Every structure is written in C-alpha cells, then in structure tokens.
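Take a look at the fold and the ligand site below.

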Amino acid sequence: MKAIDLRSDTVTKPTPEMRAAMTAAEVGDDVFGEDPTVNQLQARVAALLGKEAALYISSGTQSNQLAIRSHTQPGQEIYCEENGHIFNYEAGAPAALSGVQVRTLPGVRGVITAAQIEAALRPADHHNPPSRLVVLENTHNRAGGAIFPFEEMEKIHALTRERGLALHLDGARLWNAHVATGIPLLEYGRLFDSISVCLSKGLGAPVGSVLVGSAEFIDRAHRFRKMWGGGMRQAGLIAAAGLYALDHHIDRLKVDHLHARALAHSFLEFPEIEVDLAATQTNIVIVELRKTGLKAHDLVVKLKEKGVLCLATAPTRVRLVTHLDIHDEDTKSACRIIEEILQHSL
Ligand SMILES: Cc1ncc(COP(=O)(O)O)c(C=O)c1O
C-alpha cells in the first residue's frame, strides 16, 4: 500500500521531468559565482519579486536567518507574530546567530497589525534595545496556511518606512498566497526590504530557497552565507529543479488548495471536530480535537495504520498538508479513510 503522505509539503520527490532538467543543467563553481544555472535562478527570482538581487540558499531557515543577520546588529530588537516560524522552529537562531532580541506579538491567524507593532516600538533611549526589524510570514505555517491580508501589510510597510525599520517576509509559501489571492508577486515585492521564498515546499524542488533584496543587502547576506558555511559549489544541479518548478509548479498550487478544502470538509462532517475554514485558505489543514476526547497522537496512529500520514502538532491538534504528490484519487481515499476512522472513534 502506497502511503498518502500529508505530513508536509516538503516530502515531495522530484518528478521525472524535473530530474531531466537537473541532469541537463549547466554547472560551474558557485562560490566563484560561475554556476550559470544558479545565476539564472537568482536573476529569475529577483525579477519575479522586483528586487535588484537574489541569493540561492540551501534552506528556508538559513535564508530567514541570513536576512535577520544582514538587517541587524547584535543587541537590537526584532518583531514577529508569536507563532512565527523564525521564533518557534529555527532552533533559537536569531539569538544564537544574530544576537538579537525577538519580541513576539500575539496575532490572529498569524496576523499582527501595524497598530500593534507601533505600540511595541521602543523610544530612542539608551536603556532600550533599538527597534530594527519586523518579520511577517505569508502564508502562515502554524496558523494553517492562512494568508496575511495585503492591506495590513501595506500599513506595516508604511509604518516601517516612517520609523526607519527594515521589513522582511518569510515567504516560504508566498507562492500559495499569490495563487490563492491573484495578487501579483511584484506587489508583494514592493512592500518588503527582503523576502525569502522556498522552492522545496509547494513547488516540489528537492532543495533550496532564495533570498531577495537590494544589491547591497544581498552582498551582506552573501558574506554571512560564506561565514556560516553555506557556500555551495556545482549547485546548478539543484538550482535547475528550482527553475523547472518556477515554470511548471506555481499555477498548479490551486489544486493543492482544493484538496486541502476537501480534507477540511471531511473532518467537518463531525460536529465535535473544529477546523477553522477561514484559515484553511491554501494547502494546510489544522484539525482541533479538544471537544472530542480524542488525542492527536492516537488519531495519527489510526490514520497511519490505514495508510494516511499526518502530524500531531499539539496534544489535541493534527496537521495535514497537501502537495504535488497528492493527486485527486489520493485526496478522495484520504477523505474516505478519515471519515471511516472517525465514525468508529467518536
Ligand atoms: C513558514 C516557514 N518558514 C521557513 C521554513 C524553513 O524552511 P526549511 O525547512 O527549508 O529550513 C519553513 C519550513 O517548513 C516554513 O514553514
């Protein structure tokens, strides 16, 4: 039995066409700046987001952390939503690698407002850590793939211009937000000083993220990437998968979004189960079991026995993520298995 793997959109395997593009890639030593495929990918992503420059990086974590390091000095304060990836899932890197203090703000579905950020900013006084950087996440992983409203991002952009702060976007799944809202990537690019996008999540490439920003910012990030041992040599082999994904795997994300909705609805057949449909806007479904008496771990085990893999992200919370390797028939089978198991468990 082939498992239906809904643990994450990072579990995808390169398609035969993507592998062919990788095999055919022209390569060179990227630490010398001589890999034509890496250079092409960087230029392509910079242009898509309307930025001067881009840097190919091995992971979303390293890309976000290079952005934080490149925008800040040790002792400064940065702001993000309390469930943000940079604060919860990047191994304490802002403190360890950049020496910054992270101030988290409580959000609703991952969204913090300009007014909240403004209220948190510190007056210039040598008792205070200097306020330096705001980091937003779109779509928001822990909030179930929720999309950050564009109007609020515009307000935050205006605030950061007024107060001399930098603004970074963790856009690991910005592609999903772009496809779901129809807002052009250039519009997102206009609001942020830097954006990190991932190629290895919904887009299905095996490795890689890209950080974009001004030429000066990317130059700084490039130096820190070297310092952190992130320089790669004939990386065109993997960058080619990213280029292939940009050509072929963006529009199809809408299929993942439909699959996520279908999964959400199969849980909602059961009134004790909560799924926040307003947050289920893209490819992540968060299922809350607190009213059912069921433990997330037990449900995950029962689903696994029937070939559906997902993750318990809290004692009563289960997460399912749709992606390139989940086809219509997989979603239909998963919905049927979920309903069968819940009929017997509730
Ligand atoms: C929103 C978000 N940002 C950053 C990352 C980090 O990416 P990576 O796993 O490539 O380090 C992830 C990973 O899932 C993510 O969901």
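**Around the ligand**

The shell around the ligand divides into two nonpolar, eight polar and two charged residues. Here Ala, Val, Leu, Ile, Met, Phe, Trp, Tyr, Cys and Pro count as nonpolar, Asp, Glu, Lys and Arg as charged, and the others, Gly among them, as polar. The model is predicted: local features need pLDDT of at least 70, side-chain atom pairs count only at pLDDT 80 or more, and totals for chains, interfaces and linings use all residues. Residues are numbered from 1 along each chain as its sequence is written.

The surrounding residues are S59, G60, T61, N64, H85, E137, N141, D170, A172, C198, S200 and S209. Each is near the ligand (C-beta atom, placed from the backbone, within 6 Å). Helix α3 (residues 60-71) gives the most to this shell, with three residues. Helices (H or I, at least four residues) and strands (E, at least two) are DSSP runs, numbered from the N terminus.

Now the sheets. Strands of a sheet pair through backbone hydrogen bonds, either parallel or antiparallel. Two strands count as paired if DSSP finds at least two bridges between them.

Strand β3 (residues 77-81) pairs with strand β5 (residues 131-137) in the parallel sense, over three bridges. Within this pair, E77 stands opposite S131 in β5. Axes are lines fitted to C-alpha atoms, for helices over the stretch in contact, and angles run from 0 to 180 degrees between N-to-C directions. Contact means C-beta atoms, placed from the backbone, within 7 Å.

The other open sheet described here has four strands in the order β9-β10-β13-β12, with antiparallel pairing. Its edge strands are β9 (274-275) and β12 (311-314). In β10, V287 is the bridge partner of V275. Helix α12 (residues 253-268) lies across β9, β10 and β13 (317-321). Helix α13 (residues 296-305) lies across β12 and β13, at about 175 degrees to β12.

Last, a helix pair. The axes of α1 (residues 16-23) and α11 (residues 236-248) come within 8 Å and cross at roughly 135 degrees. E17, M18, A21 and M22 in α1 meet L237, A240, A241, Y244 and A245 in α11. The residues of this contact divide into eight nonpolar, no polar and one charged.

Conventions:
Contact = placed C-beta atoms within 7 Å.
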